[in-house]
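Student: Can you walk me through this model? Keep it brisk.

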Amino acid sequence: MNEALSPSRRPGIRAAMFVDFDNVFTGLQALDPLAAKRFAEDPKHWADALSTGGSGEDTRRFLIRNCYLNPVVYSKYRTYWTRAGFRVIDCPSLTQRGKSSTDINLVLDAMDALSGNVGIEEFFIASADADFTSLIQRFRAADRMTTVIAAGAVAFAYREMADHVVESHDFVAILNGSMVEPVRAVAAGKQQTVPAAAKAKAKSASPAIREVLEFVRAAPGPVNGAMVAHRALTAEPSLKTDWGGWGKFGTWVSQIGQGVEYSPAQGGWVWDAKRFSGEDLPAPADLQPGIEEQVTRVTDVPALSAAQFRQMFQSMEARLREHPLNRTELSRQVRDDCVNADQPVSRNAVSFVLQGLAYVNFPLTDEATAEGLAAAWTANVEELCRVALLEFDAAEKLAVRRWASGGLLDA
């Protein structure tokens, strides 16, 4: 064989992608129907976006592209996927409850790929279904990199087992064409990079950077990231699109430098490195002692106080009564309202709550009330606890209910 064509000599990380179509499409429809349509009808666009990296082995070569779908419900999308180079595997319902054969087919194919002689280096699982946790464990035990593409809330154990998670909002951004920074391969010793054009744009003096520097340097300690993001967007509204080419707030604020440090812990914190360090961040126990801390640690529910949840639901009610909003715009406005009310929450936290409301099929209309939103969200939290096998006595269940609902529900 010609050495130049030998597989070991070809550039790029050898990767395999396994797509649980039903799970991802349903999740995206609850978040952003337009993004769901683009996912289903233009898979080449987002698959190419995931392939793109820097150069050499920072790029990916998807040697396997498999899509598993229920042909009875989604057969109309088959052509889009076959034309994009995917192998489509029909997974019809096998039970009276509508459970399809996706799980078993995906796992069998993935294990074949793991044991094959091609040497797949990175496995992509496009599904928020925690049933694949054991599969991710097998990949990890075989020293393979794993990336989960989520279109909804991801169970804590599933998230922790993967090397990287493409969060719902990031995947929606890729589908809508607003993600500038490529999704990088996760490997030890490698540093993520951002296009030079975006760097130049962000590094230039801007009203937002000046505002952040002044705000953080005058703060008496680390500042909640939501408050910093709000100040930046107020000073420079154009950042609302994609944070100056950096995709999201955390990446944007991290590149400012000049003594400004950022940590994504506990929803995000920013501080002046000349006066403070990561050791000065509030401890989780300081934020929410007791049963609430256990719930957030195990289920990934945002680490907010009851007052923050209450303000979030009240802001949602007010915004929805003004006019219907898509979830992306609603999350931004609710985040800003909470900051203005001195109950700062991150946009990711708001998005997580909106996802939970979607899972319990709560309609976000002008008839929604803060109490109704709180009740639906609390039901979602209780279900997350059940799935995570958290066991509480009657008093603890009541404490969780009062916390998650922001005190808006009667005992």
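Tutor: Here is a tour of the fold, the cores, the rings and the cysteines.

Student: What should I know before we start?

Tutor: This is a predicted model, where local features need pLDDT of at least 70, side-chain atom pairs count only at pLDDT 80 or more, and totals for chains, interfaces and linings use all residues. Residues are numbered from 1 along each chain as its sequence is written, and side-chain values use heavy atoms, with hydrogens and water left out.

Student: How many helices and strands in the protein chain?

Tutor: There are 20 helices and nine strands. Helices (H or I, at least four residues) and strands (E, at least two) are DSSP runs, numbered from the N terminus.

Student: And how much of the chain is buried?

Tutor: Of the 411 residues, 50% are buried. Buried means under 20% relative accessible area, exposed over 50%, partly exposed in between (1.4 Å probe, protein chains only).

Student: What about the accessible surface?

Tutor: The protein chain has about 19300 Å², and 50% of that belongs to carbon and sulfur atoms. The areas come from the Shrake-Rupley method with a 1.4 Å probe; for residues, only the protein chains shown count as cover.

Student: OK, the largest nonpolar core. Which residues touch the most other members?

Tutor: Met312, Phe313, Met316, Leu357 and Trp377 do, in a core of 37 residues. The helices α15 (291-299), α16 (306-322), α17 (327-340), α18 (347-359), α19 (370-387) and α20 (394-404) each supply at least two of its residues. The most come from α19, with seven. A nonpolar core is a set of buried Ala, Val, Leu, Ile, Met, Phe, Trp, Tyr and Cys residues joined through side-chain atoms within 4.5 Å.

Student: Zoom in on Met316. What is it in contact with?

Tutor: Leave aside neighbours within four places in sequence, and Met316 is in contact with Val334, Val350, Val353, Leu354, Leu357 and Leu373. Contact means heavy atoms within 4.5 Å.

Student: What does the second core include?

Tutor: That core is separate and has 32 residues, including Phe39, Cys67, Leu69 and Val166.

Student: Switching to rings. How many aromatic pairs?

Tutor: The count is 23 aromatic pairs. Rings of Phe, Tyr and Trp (its six-membered ring) pair if their centres lie within 6.5 Å; planes under 30 degrees apart count as stacked, over 60 as edge-to-face and the rest as tilted. Phe39 and Trp46 are stacked, at 5.5 Å centre to centre with 20° between the planes. Both are buried.

Student: And Tyr74 with Tyr77: stacked or tilted?

Tutor: Tilted, at 6.4 Å centre to centre and 35° between the planes. Tyr74 counts as buried because its relative accessibility is 11%. Tyr77 is buried too, at 9%.

Student: Which residues form the aromatic cluster?

Tutor: Phe21, Phe25, Phe39, Trp46, Tyr74, Tyr77, Tyr80, Trp81, Phe86 and Phe171 form one cluster.

Student: Now cysteines. How many disulfides are there?

Tutor: The search of the whole structure finds zero. A disulfide is a pair of cysteine sulfur atoms within 2.5 Å.

Student: Last one. Where is Thr251?

Tutor: Thr251 is in helix α13 (residues 249-254). With a relative accessible area of 18%, Thr251 is buried. Its C-alpha atom is separated by 9.9 Å from that of Pro264, 13 residues apart along the chain.
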